[in-house]
Amino acid sequence: MTLPQVLSWKDIHARLPEIFPEGLQNREHSIWEIAAKTIFVMLYAGAVEGADRWIRPDQVTRMTDEQAALSDDDARHAWAKASITPSKADVPGRWYAVNTRESIRDDTIRYALIQNSAVIERPGLSTTSPAGRYALQADFAGLLSPKLDEATFIAKAAAWREKHLNAGALARIAIVRRGAAGGGAYELVTFPNGETRRMTTGPSADISKAVIEVFAPKFLQKPGVITLSESGNKVVARDDELAKAIGLTIPTDRSLPDIVLVDLGPAHPLLIFIEVVHTDGPVNDARKTALLQIAEGAGFAPQHVAFVTAYLDRASPTFRKTVSSLAWGSYAWFASEPDNLMVFSGKPLQIEGG
């Protein structure tokens with residue numbers, strides 16, 4: 001059996017961010033070094049769809065730099081045959097410790113590479129079987145051919161995504177890429193009442209636009225925009241008449257968040273304070289307390305006030321950086337997944353008895 005040509009794991013690592021772009025779920029574990037080395041081992045052992053060859057996660061841990069440098073078919077066949085047998089023997093220079101195989105199996109293979117269509121699992125194998133069970137999806141393996149020049153690789157990666165990623169994944173990628181690209185000096189934002197405003201382009205403006213044009217009509221019965229600001233606290237829109245109608249006094253300082261919405265649908269209007277986070281500044285406990293004081297001054301009881309932190313994407317470093325500081329009793333919303341709200345409940349769990 002002739003084995004496929006194989007790139008070095010470092011060259012594979014360099015290609016992965018193009019294959020799995022920003023916005024893809026579990027992208028971090030699809031493009032990190034462990035993913036590159038896992039994919040390398042699959043290629044090295046010839047574990048590619050259609051070849052009926054499969055690897056075990058512990059084979060990734062047992063690979064060494066010295067072995068990886070042996071690229072002839074005989075050396076690769078011999079290593080694949082020897083390493084597929086479970087063993088606790090010491091392997092000098094091994095890539096990973098023995099106890100990392102579960103992490104490789106779960107974090108990298110199951111929840112990233114399989115989910116993102118790069119790896120397939122051997123059918124009909126019992127969960128306790130020691131046999132190899134993972135291989136590269138054939139078209140994905142083709143993206144790692146050393147013969148591809150950069151332009152051809154980029155084109156093939158785009159075609160692979162269109163064919164193998166689901167509609168939801170493609171939509172997330174498109175939204176995140178559009179947010180990162182920008183374009184022009186201004187972005188036009190359309191309010192629920194049909195009015196438009198111009199905002200300076202940038203990631204924060206993209207999130208603000210999504211909040212007003214997508215979030216507001218999706219989650220509110222009769223939405224209105226009281227204030228909209230952009231980076232530097234420049235006020236883009238301010239509806240004093242609407243604020244006056246609901247009894248809200250808008251402070252002239254910088255205490256208001258990026259967006260203040262109101263839902264006029266319920267019997268008692270709902271006030272929604274929204275922080276747009278591209279780098280920092282979520283609704284934390286201190287911010288929530290300050291905003292509650294503003295709302296209560298206008299006669300809004302806590303049950304008629306909501307707090308939302310809006311992000312571009314759930315997989316972004318910004319969300320991971322700030323999620324631990326989000327206030328209980330607030331929400332997180334992601335422009336790349338507009339149909340869902342993440343709830344940080346401040347209420348105790350209630351389980352009804354039988």
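**Reading a predicted model: charges, loops and overall form**

Q: By how many helical turns are E213 and K209 separated in helix α11?

A: About one helical turn, because E213 and K209 lie 4 residues apart in helix α11, which covers residues 203-219. The structure is a predicted model, so every value here is computed from it.

Q: Which kind of interaction do the side chains of E213 and K209 form?

A: The general idea is a distance test: a side-chain nitrogen of Lys or Arg has to come within 4 Å of a carboxyl oxygen of Asp or Glu. Here the side chains of E213 and K209 meet in a salt bridge, with N to O at 2.9 Å.

Q: What does a relative accessibility of 29% say about E213?

A: Under 20% a residue is buried, over 50% it is exposed, and in between it is partly exposed. At 29%, E213 therefore counts as partly exposed.

Q: Are D58 and R56 buried or exposed?

A: Both D58 and R56 are buried. Their side chains also meet in a salt bridge, at 3.0 Å from N to O.

Q: What partner does R238 have in a salt bridge?

A: The partner is D240, and the closest N and O atoms of the pair are 3.0 Å apart. R238 is partly exposed at 38% relative accessibility, and D240 is partly exposed with a relative accessible area of 41%.

Q: Where is R105 found, and what is R105 in contact with beyond its neighbours within four places in sequence?

A: R105 is found in helix α7, residues 101-114. Contact is a matter of heavy atoms within 4.5 Å. With neighbours within four places in sequence left aside, R105 is in contact with P57, R110 and Y134. Its relative accessible area of 27% makes R105 partly exposed. For a view across the chain, take I207: it is 102 residues along the chain from R105, and their C-alpha atoms are separated by 35 Å.

Q: Where is the place of R238, and what does R238 touch, not counting residues up to four places away in sequence?

A: R238 sits in strand β6, residues 234-238. Not counting residues up to four places away in sequence, R238 touches I226, T227, I250 and P251.

Q: Which value of phi does N26 have, and where is N26 placed?

A: The point to look for is a positive phi in a residue other than glycine, and N26 is a case, with phi near 55°. N26 lies in the loop between α1 (9-19) and α2 (28-31). It is partly exposed at 31% relative accessibility.

Q: What is phi of S117, and where is the place of S117?

A: S117 also has a positive value in a residue other than glycine, near 70°. S117 belongs to the loop between α7 and β1 (119-121). At 21% relative accessibility, S117 counts as partly exposed.

Q: Is G202 buried or exposed?

A: G202 is buried, with a relative accessible area of 17%. Its place is in the loop between β4 (196-200) and α11. G202 and E187 are 15 residues apart in sequence, and their C-alpha atoms are 8.5 Å apart in space.

Q: How many helices and strands does the protein chain have?

A: The secondary structure comes to 14 helices and 11 strands. The radius of gyration is 26 Å, well over the 20 Å that the globule rule gives for 354 residues, so the chain is more spread out than a compact globule. Its C-alpha atoms fill a box of roughly 80 × 55 × 35 Å along the principal axes.

Q: Which share of the 354 residues is buried?

A: Buried residues make up 45% of the 354 residues. The chain exposes about 17,600 Å², and carbon and sulfur atoms supply 52% of that area.

Q: Among contacts between residues at least 6 apart in sequence, what percentage join residues at least 24 apart?

A: In the protein chain the figure is 61%.

Q: How many positive and negative charges does the protein chain have, and how far apart are their mean positions?

A: There are 38 positive and 41 negative charges, and their mean positions are 3 Å apart.

How values were computed:
Residues are numbered from 1 along each chain as its sequence is written. Side-chain values use heavy atoms; hydrogens and water are left out. Helices (H or I, at least four residues) and strands (E, at least two) are DSSP runs, numbered from the N terminus. The radius of gyration is taken over C-alpha atoms; the globule rule is 2.2 Å times the number of residues to the power 0.38. Buried means under 20% relative accessible area, exposed over 50%, partly exposed in between (1.4 Å probe, protein chains only). Accessible areas come from the Shrake-Rupley method with a 1.4 Å probe; for residues, only the protein chains shown count as cover. Lys and Arg count as positive and Asp and Glu as negative; His and the chain ends are not counted. The place of a charge is taken as NZ of Lys, CZ of Arg, CG of Asp or CD of Glu.
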